[in-house]
Amino acid sequence: MKKAAVGLATLAGILWGILGLFVRTLNAAGLEAMQIVELRACVTAAVLLAALLIARRDLLKIRIRDLWCFLGTGICSIVFFNACYFRTVHDTSLSVAAVLLYTAPVFVMVLSAILFHEKITGIKIMAIIMTVAGCVLVTGVWRDAGGISGMNLLIGLGAGLGYALYSIFGRFALERGYSTVTVTFYTFLVAALFSMLLENPVMVFGTAFSGPGLGAVSISLGVLCTIAPFLSYTIALQYIENSRASVIASVEPVTATILGAVVYGEKLTVSGVLGIAVVIGALVLVNITDGKALSGKTQDSSAEQA
C-alpha cells in the first residue's frame with residue numbers, strides 16, 4: 001500500500017498543478033483570487049455533502065472535542081495559506097510566491113519531527129534542498145527577486161507554513177479515526193463558511209454559474225482540482241510520512257510549468273528544464289527503498305494507527 005500511497009501523493013501534486021487552467025478562466029470572467037478560494041471551498045463542500053448524504057451519512061459524524069483538527073485544516077491551512085500566497089503574488093511576483101510556497105516541505109519535516117517523532121534523515125534534507133532548488137530553477141525567481149521586503153518574505157513564508165499545516169492537522173484527524181472523506185469535507189466546510197465572511201457569495205456564485213461553460217469550470221475546480229487531489233493526498237498520509245508526502249506532491253510546479261508551455265505557449269527555458277529534472281530527482285531520491293532511511297518504525301506505526 002505504501003507504493004500506492006506514493007502514486008496518490010504524486011497524483012495529488014499533478015491535479016493541483018492543473019489548477020491554473022481553471023483559475024485563469026475564472027479570472028477572465030471577473031473573479032479575483034480570494035473569490036475563487038471561496039468558490040472552490042463552497043463547491044467542494046457542497047459536492048461532498050451531497051455524496052455523503054446519499055452514500056455514507058455516518059461519515060458526517062465528528063466529535064466536538066476534535067473540531068480543532070478541522071479548524072486547523074480549514075482556516076489555519078486552506079484559508080491562511082491562500083491569503084498569504086495571493087498577497088505575495090500581488091506584492092512580488094508569481095515566481096517569488098511559488099518558491100516561498102514550496103518551503104512547505106521544510107515546515108512539514110520540522111513539525112512532523114516534533115509532533116509525530118518522524119526522523120530527520122540526510123536523504124530527506126537533501127530531497128528538500130533539491131525540491132526548493134528545482135522550484136527556483138523552474139520559476140526563474142532570481143530574475144525578479146530583487147527588492148523583496150522583509151514583510152513580503154514573512155508573508156510568503158506564511159504561505160509555505162499554511163500549506164504545510166494541512167499535513168499536520170490532517171494527520172491528527174486521521175489518528176483520531178476519521179476517514180479521508182470526513183477530513184476533506186470538514187476542511188472545506190470550515191474554509192467555505194470562513195471565506196464567505198470575506199467575500200460576497202451571491203456575487204461570486206452569480207458570476208461563476210452565469211453560463212454552462214463557467215458552471216462546468218466551477219464544478220471541475222471543486223471536483224478535479226480539489227476533491228480528487230485532497231482525498232488522494234490525505235489517503236497517502238495514512239501510509240507514508242508527512243515529510244515524504246510533501247516532497248512528492250512538489251511535482252505540482254513541474255506540472256504547472258509543463259502545462260503552461262503546452263497549453264499557453266509559455267517559453268520553457270533551459271533553467272526550467274533543469275529545474276524539472278532536479279525536482280524529479282528529488283522525488284526519486286525520497287522514494288529510495290532504504291528501510292532505515294525512509295520507512296522506519298514511524299511509518300509503520302502511522303499506518304497501523306490510521
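This is a predicted model: local features need pLDDT of at least 70, side-chain atom pairs count only at pLDDT 80 or more; totals for chains, interfaces and linings use all residues.
Which helix does Arg244 lie in? Arg244 is found in helix 12, which covers residues 242-248.

- Glu241 sits in the loop between helix 11 and helix 12, while its partner Lys124 is in helix 7 (residues 122-139).
- The side chains of Lys124 and Glu241 meet in a salt bridge, with an N to O distance of 2.8 Å.
- That pair ties together parts of the chain that are 117 residues apart in sequence.
- Both partners are buried: Lys124 has 3% relative accessibility, and Glu241 has a relative accessible area of 5%.

**Other salt bridges**

- Side chains of opposite charge can pair when their charged atoms come close.
- Arg176 forms a salt bridge with Asp66, and their closest N and O atoms are 3.6 Å apart.
- This pair links distant parts of the chain, with Arg176 in the loop between helix 8 and helix 9 (180-195) and Asp66 in the loop between helix 3 (33-55) and helix 4, 110 residues apart.
- Arg63 joins Asp66 and Arg176 in a network of salt bridges.
- Asp58 and Arg56 also meet through their side chains in a salt bridge, at 2.8 Å from N to O.
- Asp58 is partly exposed, with a relative accessible area of 40%, and Arg56 is likewise partly exposed at 40% relative accessibility.

**The largest cavity**

- The largest cavity holds about 120 Å³ of space.
- Its lining is made of 14 residues, and those that lie nearest its centre are Trp16, Tyr163, Tyr166, Ser167 and Tyr233.
- Two or more lining residues come from each of helix 4 (67-91), helix 6, helix 8 (150-175) and helix 11 (212-237).
- Helix 8 gives the most to this lining, with four residues.
- Sorted by class, the lining has 11 nonpolar and three polar residues, and no charged ones.

- Val106, Val110, Ile114 and Leu115 form a nonpolar patch on the surface, and together they have about 320 Å² of accessible area.
- Within this group, Val110 is found in helix 6, residues 104-116.
- Val110 counts as partly exposed because its relative accessibility is 38%, which falls between the 20% limit for buried and the 50% limit for exposed.
- His117 is found in the loop between helix 6 and helix 7.
- The phi angle of His117 is near 60 degrees, a positive value in a residue other than glycine.
- His117 is exposed, with a relative accessible area of 60%.

- Phe81 lies in helix 4 and is buried, with a relative accessible area of 9%.
- The C-alpha atoms of Phe81 and Leu101 are separated by 8.5 Å, and the two residues are 20 residues apart along the chain.
- Leu231 has its place in helix 11 and counts as buried at 18% relative accessibility, since buried means under 20%.
- Between the C-alpha atoms of Leu231 and Thr182 there are 9.6 Å, with the pair 49 residues apart along the chain.

Definitions and conventions:
Residues are numbered from 1 along each chain as its sequence is written. Side-chain values use heavy atoms; hydrogens and water are left out. Patches are made of residues with over 30% relative accessible area and no salt bridge: like charges are joined within 9 Å, nonpolar side chains (Val, Leu, Ile, Met, Phe, Trp, Tyr) within 5 Å. Accessible areas come from the Shrake-Rupley method with a 1.4 Å probe; for residues, only the protein chains shown count as cover. A salt bridge is a side-chain nitrogen of Lys or Arg within 4 Å of a carboxyl oxygen of Asp or Glu. Buried means under 20% relative accessible area, exposed over 50%, partly exposed in between (1.4 Å probe, protein chains only). On a 1 Å grid over the protein atoms alone, a cavity is a set of points where a 1.4 Å probe fits but cannot get out, and a pocket is an open set with protein on both sides within 12 Å along at least five of seven lines; lining residues have an atom within 4 Å of a point. Grid points are joined across faces, edges and corners, and a volume is the space filled by probe spheres set on the points. Ala, Val, Leu, Ile, Met, Phe, Trp, Tyr, Cys and Pro count as nonpolar, Asp, Glu, Lys and Arg as charged, and the others, Gly among them, as polar.
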